[in-house]
Amino acid sequence: VRGARGRGAADPPLSIQVHGAKVHNLKNVDVTVPLRQLVAVAGVSGSGKSSLAMGVLYAEGSRRYIEALSTYTRRRMAQAPRASVDSVEHVPAALALRQRPGVPGVRSTFGTSTELLNVLRLLFSRLGSHLCPNGHRQDPTIDVAAGLDLTCPVCGVTFYPPGAESLAFNSDGACPQCTGTGMVREVDEAALVPDPQRTIAEGAVAPWSMFGLTVMPQVVAELGVPTDVPYTDLTAHERDIVMHGPAEQRHISVRSKNGKFFELDFTYRNARLAVEEALNKATTERGLSRVNRFIRAQVCPACHGTRLSEQARATLVDGINLAEATAKTLDELTAWAPALADALPSEMRPMARNVVATLLETARRLVELGLGYLALDRASSTLSTGERQRVQLARAVRNQTTGVLYVLDEPSIGLHPSNVDGLLGVMRDLLRDGNSVVLVDHDVQVLREADWLIEIGPGSGTEGGTVLATGDVATLGKDPDSLIGGFLTGREPVLVRQRAVRDKMFDQGRIHLSTRPLHTVRALDVDIPRGRLTAVTGVSGSGKTTLILESLIPALQAQAAGRALPGHVAAVDAQVITRVNTVDATPIGVNVRSTVATYSGILDDLRRAYAATDAAEQRGLTAADFSYNTGSLRCPRCEGTGQVSLDVQFLPDVDIPCPACDGTRYAPAAADILRPAPGNPDDGISLPELLALTVRQAIEQVGDIRRVHTRLQALIDLGLGYLTLGEDTPALSGGEAQRLKLATELTRNQSGTLFVLDEPSVGLHPLDIRTLLEVLQRLGDNGATVIVIEHDLDMIANADYVIDMGPGGGTAGGTIVATGTPDDLSRDPHSVTGRYLSHHLH
Ligand code: ADP
Ligand code: ADP
Ligand code: ZN
Ligand code: ZN
């Protein structure tokens with residue numbers, strides 16, 4: 001580290017100095033980032049916050065960290081490329097907590113990912129009462145902790161008590177039937193005969209016809225099953241032959257295509273066997289999905305979903321086994337554990353208190369982060385991204401690092417205002433241990449707590465990329481250049497749209513939903529006003545997702561398709577709703593072939609417009625030739641992806657812009673075909689050139705094409721005018737992806753459409769939120785009903801109607817606490833959300 005020489009250990013650098021940062025849109029930025037403080041980076045979406053935080057600070061911090069490792073280790077890790085920056089001084093080793101942590105595997109649970117399960121296993125192995133091989137129960141003894149074998153006083157056997165490893169479901173303690181996943185896949189007999197009114201000859205047994213076993217009806221007839229009566233009329237014995245009959249050979253005659261008969265021997269494949277064999281043979285995704293319709297994932301009957309072998313479940317602490325302990329929520333576990341030591345022989349208590357203290361300390365952080373309602377055995381794959389990110393954060397604090405730079409991307413995602421204090425507490429813990437924290441966030445509640453702010457802007461993309469203001473909250477509040485300052489001081493107005501009044505709320509109709517209990521959510525009855533903007537609020541785990549995404553949406557979809565409602569939905573009444581649209585923040589497209597131009601539908605119109613030019617007609621080119629995916633004008637070297645893979649020895653492949661087309665995706669010939677600019681027939685632009693322009697620049701060039709104009713304008717209205725047309729959509733941030741999806745909807749008539757947005761404020765500056773509210777207003781003006789699941793107080797305050805869930809998370813929640821206008825809510829003493837809303841509005 002340059003500049004470090006000559007300093008004493010007692011005189012560490014106080015700040016990171018960044019000079020000449022040019023990553024992405026950053027315009028040669030110089031900035032000072034204080035160390036060992038809570039530093040927040042603010043700015044509108046696309047202004048360059050992540051480019052600074054992740055692209056410069058984290059990239060340099062992690063690269064230096066990797067350089068310090070041995071050559072051997074280094075080669076085996078993905079080498080971060082050097083960031084485009086003149087110099088970065090005093091940057092410590094950096095760790096990043098990503099906004100969207102990866103999808104966890106089937107053996108990951110809340111308990112494993114928080115390491116709480118390790119502590120709990122230790123507790124069971126050391127403090128538990130075990131069974132001897134003859135089934136006699138042994139009282140807990142200090143000998144186990146000392147690593148000694150036990151002798152059973154009843155039968156005299158000497159045995160090894162189970163170690164922590166023998167209690168692990170991803171190791172020796174796994175249930176043998178499900179190998180520790182808690183689920184087994186079984187053939188679903190009901191699905192094998194989807195229409196029991198049919199006869200076997202008519203194809204009643206679906207897997208036979210689907211997997212090419214067309215002679216099975218004849219074989220089963222030889223086994224004595226009538227094939228010309230409806231399946232429902234078969235006797236139990238006959239159905240048993242269809243489902244489970246033995247694989248016996250039968251002699252049948254088969255008629256070939258030219259009408260001749262053959263005598264052949266066939267081995268009987270019962271319906272289940274047909275599916276199992278198909279499952280074993282399936283190699284492709286499509287093949288698997290064909291088989292999957294006959295298969296049902298079921299809770300493992302051997303371990304009842306606990307993932308643990310019978311042996312692992314035999315050890316008891318305080319009368320319960322490990323499976324029962326992990327079924328407890330964190331809140332229940334912290335209430336249960338403290339008294340455990342007192343029940344043990346006195347010589348064991350110090351050790352017991354030690355283990356319990358470790359358990360409680362780990363649990364405390366997670367509870368502070370608002371996760372106390374989660375049970376340890378909850379599969380990680382069912383946790384929300386916000387919950388997973390907070391698990392990561394708690395683990396980082398637990399590891400007690402020092403001198404590390406933590407770079408966090410919007411840690412307030414999914415956090416109710418009442419949990420933000422817990423989040424800030426964890427940040428303070430990181431700082432107290434001697435670390436530094438840089439976070440990108442929009443939540444005003446979080447920003448106000450920062451020791452230092454760096455504001456990037458003023459606009460997005462090329463209109464951003466400079467440092468607008470730096471300083472503490474008070475300084476930014478007074479700085480005329482700062483865009484966020486007014487929101488920090490409360491000078492900026494909160495209400496930006498005309499909200500519906502209470503008496504007229506249901507004038508356009510309502511969606512009525514009535515549910516039965518699911519997870520921890522009780523049976524509920526709820527009315528959602530049609531044609532309005534409704535916010536569903538409540539602390540994490542209170543039941544918002546269960547009510548909207550797991551009940552309302554599947555119910556409406558089932559109703560639209562004429563299917564039965566999901567079991568946990570008692571009734572839904574929404575005749576006026578004909579289309580449901582969930583606009584989430586998941587990435588658009590998985591490969592580089594999806595771009596802003598293709599996703600928004602603009603490229604199709606542009607291809608036709610280019611094919612209609614004189615230049616194209618002279619060369620006989622059609623719209624199809626202008627496709628970079630399949631057209632004759634695509635770059636042959638990169639096949640229209642704009643990238644080529646570089647195979648570097650010892651290093652993972654790196655993608656670089658295609659040297660043949662410079663990343664434009666088109667062959668040189670495409671550059672010759674110019675489309676005259678509107679109002680200036682002598683000037684023109686080629687399609688590859690056009691795709692390199694931003695949306696805002698492009699509308700000047702091709703705004704004369706009506707449909708293109710409408711679509712580009714919708715992108716601009718959503719604050720996406722800074723995106724370039726040829727930009728890969730998978731690289732867009734979650735918020736950008738969500739708004740791009742919304743933009744494609746803006747131009748349609750929306751009457752009868754229900755839009756559901758899960759936390760649309762993610763990644764949005766208060767100014768971006770105003771833009772989003774305008775868009776939602778337009779959807780409403782076009783007849784749409786909009787539901788947002790939200791924590792952002794600006795969004796909630798501007799909604800017409802609020803449904804507040806809670807009061808707590810998990811078993812402490814699951815009810816509707818209050819409904820009404822935001823003003824109703826802010827006056828409701830029972831609503832925690834209302835309390836925060838009241839502060840925010842006044
Ligand atoms: P913010 O974090 O403020 O939302 P970003 O730093 O993500 O903004 O983006 C700033 C600009 O850089 C935007 O115009 C964005 O489209 C562009 N950008 C971001 N990531 C990349 C990338 N991997 N390659 C090229 N441009 C990028
Ligand atoms: P919110 O969206 O308000 O955060 P959720 O509807 O996701 O709340 O969760 C409500 C309750 O249901 C929580 O206690 C949560 O742990 C539980 N829960 C949610 N999904 C599942 C699931 N797939 N399996 C078990 N419990 C679940
Ligand atoms: Zn099992
Ligand atoms: Zn190319």
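Guide: Let's begin with a cut-off: a residue counts as near a molecule if its C-beta atom, placed from the backbone, lies within 6 Å of it. Keep in mind that this is a predicted model.

Visitor: How many residues surround ligand 2, and which are the closest?

Guide: 17 residues surround ligand 2. The closest are Thr 382, His 519, Lys 544, Thr 545 and Thr 546.

Visitor: How do the residues around ligand 2 divide by class?

Guide: The shell has three nonpolar, 12 polar and two charged residues.

Visitor: Which domains make up the protein chain?

Guide: Domain 1 covers 15-102 + 383-489, and domain 2 covers 110-182 + 303-368. Domain 3 is 184-299. Domain 4 takes 502-586 + 752-841, and domain 5 takes 596-731. The centres of domain 2 and domain 3, taken over C-alpha atoms, are 47 Å apart.

Visitor: Why is Arg 293 called partly exposed?

Guide: Buried takes 20 or more other C-beta atoms within 10 Å, and exposed takes 12 or fewer. Arg 293 has 15 within 10 Å, so it is partly exposed. Arg 293 sits in the loop between helix H11 (285-292) and strand S13 (295-299). Val 275 is 18 residues away from Arg 293 in sequence, and 9.8 Å away in space, C-alpha to C-alpha.

Visitor: What makes helix H4 largely enclosed?

Guide: Apply the burial cut-off of 20 or more again. 10 of the 12 residues of H4 are buried, so the rest of the structure largely encloses the helix. Among the buried ones are Leu 116, Leu 117, Val 119 and Phe 124. Arg 121 and Arg 126 are buried as well.

Visitor: What span does H4 reach, and what is expected?

Guide: H4 covers residues 116-127. From its first C-alpha to its last it reaches 16 Å, close to the 16 Å expected at 1.5 Å a residue.

Visitor: How do you know that S1 and S2 pair, and in which sense?

Guide: Pairing takes at least two bridges between strands. Strand S1 (residues 15-21) and S2 have five bridges, so they pair, and they do so in the antiparallel sense. In one of these, Ser 15 has Pro 34 of S2 as its bridge partner.

Visitor: What is the strand order in the open sheet of three strands?

Guide: The order is S2-S1-S4, with antiparallel pairing. Strand S2 (29-34) and strand S4 (85-89) are the edge strands, since each pairs on one side only. Neighbouring strands of this sheet are turned by 10° against each other on average, direction ignored.

Visitor: What is the order in the open sheet of six strands?

Guide: That sheet runs S24-S29-S30-S22-S31-S32, and its pairing is mixed. Strand S24 (579-583) and strand S32 (815-820) have a single partner strand each, so one side of each lacks a neighbour in the sheet. On average, neighbouring strands there are turned by 20° against each other, direction ignored.

Visitor: Which strands does S22 pair with?

Guide: Strand S22 (residues 533-537) pairs in the parallel sense with strand S30 (residues 785-789) over four bridges. Ala 535 has Val 788 as its bridge partner in S30, and Val 536 stands opposite Ile 789. S22 also pairs in the parallel sense with strand S31 (residues 801-806), over four bridges. There, Thr 537 stands opposite Asp 804.

Visitor: What makes S22 mostly covered?

Guide: Five of its five residues are buried. Leu 533, Ala 535 and Thr 537 lie on one side, Thr 534 and Val 536 on the other.

Visitor: And how many residues of S17 are buried?

Guide: Five of the five residues in strand S17 (residues 436-440) are buried. Strand S3 (residues 38-42) pairs with S17 in the parallel sense over four bridges, and Val 41 stands opposite Val 440. Five bridges join strand S16 (residues 405-409) to S17, also parallel.

Methods: Residues are numbered from 1 along each chain as its sequence is written. Chains are lettered from A and ligands numbered from 1 in the order in which they are written. This is a predicted model: local features need pLDDT of at least 70, side-chain atom pairs count only at pLDDT 80 or more; totals for chains, interfaces and linings use all residues. Domain bounds come from an automatic or database domain assignment. Ala, Val, Leu, Ile, Met, Phe, Trp, Tyr, Cys and Pro count as nonpolar, Asp, Glu, Lys and Arg as charged, and the others, Gly among them, as polar. Helices (H or I, at least four residues) and strands (E, at least two) are DSSP runs, numbered from the N terminus. Axes are lines fitted to C-alpha atoms, for helices over the stretch in contact, and angles run from 0 to 180 degrees between N-to-C directions. The expected span of a helix is 1.5 Å times one less than its number of residues.
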